[in-house]
Amino acid sequence: MSIFVKLLENVIMQFYNITNDYGIAIVCITVLVKVILLPLNIKQRKQMEKQSALSEQVEDIKRRCKNDNERLNKELSELYAKNGVGMGTCLTTLIQFPMMICLYNAIKMIADTTCGTILIPWISSLLLRDPYYVLPIVTIIIQILPQLYPYLSMFKVLNLQKQSKGVMVSMMIMSSVFIFTIPSGIGIYYFASSLFTAVEQFVINFYASKRLAIEN
């Protein structure tokens, strides 16, 4: 894993040589890694959609086989196999997680510098926290955006699962505890990653809703 961290660190330095700005270099490497992982994300979302569509059948099987675990597992396996649902969701998560951890560590090493960035012109070093909390606040807002998509009329046809206000508030609190305490260099990574995820999910939902509208 250390070899991969070093590779990502070298890529960040290449972006720095082009942009002459560590903040922009961090955004570039974050977007690059997210783009590489995009096919896995799309596959994961499709698997989750299939599982969601089968939820009623799964509950029916669990009800009928609640006293027979062997039969329960057999019927669930047959249902998932018939509908093309496998272990893809777990696999893609296992692949993505270590990759994002390596990227985080690479940026943490690069951010250990006294250089500032044009992205946050009021700080002199990426080691410092944003004294005005602009970056943390904007990042938290962006992280919450995907949770609001189910409430948009344009996505009603998708029947997206809605998060309760309590869950969203809890997410904001947990994010705040972490994001408000990290150096700006790592904060830029979380900002870029959150923004890419929000845009990615919006685009996927948009085209999925258009497809369903055409089919119906």
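Predicted model: local features only at pLDDT ≥ 70, side-chain atom pairs only at ≥ 80, totals over all residues.
Helix 1 covers residues 2-19. It has 18 residues, and the distance from its first C-alpha to its last is 25 Å, close to the 26 Å expected at 1.5 Å a residue. Five residues of helix 1 are buried: V5, L8, E9, I12 and Y16. These residues lie on the same side of helix 1, because the arc they cover around the axis is only 105 degrees. An α-helix has 3.6 residues a turn, so residues three or four places apart point the same way. The other side of helix 1 carries the exposed residues I3, Q14, N17 and I18.

Just after helix 1 comes N20, with a positive phi of about 60 degrees. Most residues other than glycine have a negative phi. N20 sits in the loop between helix 1 and helix 2, and it counts as exposed because its relative accessibility is 59%, where the cut-off for exposed is over 50%.

A positive phi near 60 degrees is also found at Y133, again in a residue other than glycine. Y133 belongs to the loop between helix 5 and helix 6. With a relative accessible area of 40%, Y133 is partly exposed. Y133 is also one of the residues that line the largest cavity, which is taken up below.

The buried residues of helix 4 are L72, E75, L76 and L79. They are on the same side of helix 4, because they cover an arc of only 100 degrees around the axis. Exposed residues on the other side of helix 4 are E70, K74 and A81. What do the buried residues of helix 4 pack against? Their partner is helix 3, which runs over residues 55-64.

Helix 6 covers residues 134-148. It has 15 residues and reaches 21 Å from its first C-alpha to its last, close to the 21 Å expected at 1.5 Å a residue. In helix 6 the buried residues are L135, P136, T139, I140, I142, I144, P146 and Q147. The cover over them includes helix 7, residues 165-179, and helix 8.

Helix 8 spans residues 184-215. One of its residues is A208, which counts as buried because its relative accessibility is 6%, where buried means under 20%. A208 and V157 are 51 residues apart along the chain, and their C-alpha atoms are separated by 9.1 Å.

Helix 6 and helix 8 both take part in the largest pocket. The space in this pocket is about 1,700 Å³. Its lining is made of 40 residues, and those nearest its centre are R45, M48, Q147, T197 and Q201. Two or more lining residues come from each of helix 2 (22-53), helix 5 (88-110), helix 6 and helix 8. Which element gives the largest share of the lining of the largest pocket? Helix 8 does, with 12 residues. Sorted by class, the pocket lining holds 19 nonpolar, 16 polar and five charged residues. Q147, one of the residues nearest the centre of the pocket, is also among the buried residues of helix 6.

The model also has a cavity. The count of cavities of 30 Å³ or more comes to one, and the largest cavity has a volume of about 70 Å³. The residues that line it are R129, D130, Y133, L135, P136, I179, F180, I182, P183, S184 and G187. Helix 6 and helix 8 are the elements that give two or more residues to this lining. By class, the lining of the largest cavity has seven nonpolar, two polar and two charged residues.

How values were computed:
Residues numbered from 1 in each chain as written. Heavy atoms only, no water. 1 Å grid on protein atoms, 1.4 Å probe; cavity = no way out; pocket = protein on both sides within 12 Å on 5 of 7 lines; lining within 4 Å. Points joined across faces, edges and corners; volume = space filled by probe spheres on them. Helix = DSSP H or I, 4+ residues; strand = E, 2+ residues; numbered from the N terminus. Nonpolar A, V, L, I, M, F, W, Y, C, P; charged D, E, K, R; others polar. Buried < 20%, exposed > 50% of the residue type's maximum accessible area, 1.4 Å probe, protein only. Arc of directions from axis to C-beta. Contact = heavy atoms within 4.5 Å. Expected span 1.5 Å × (residues − 1).
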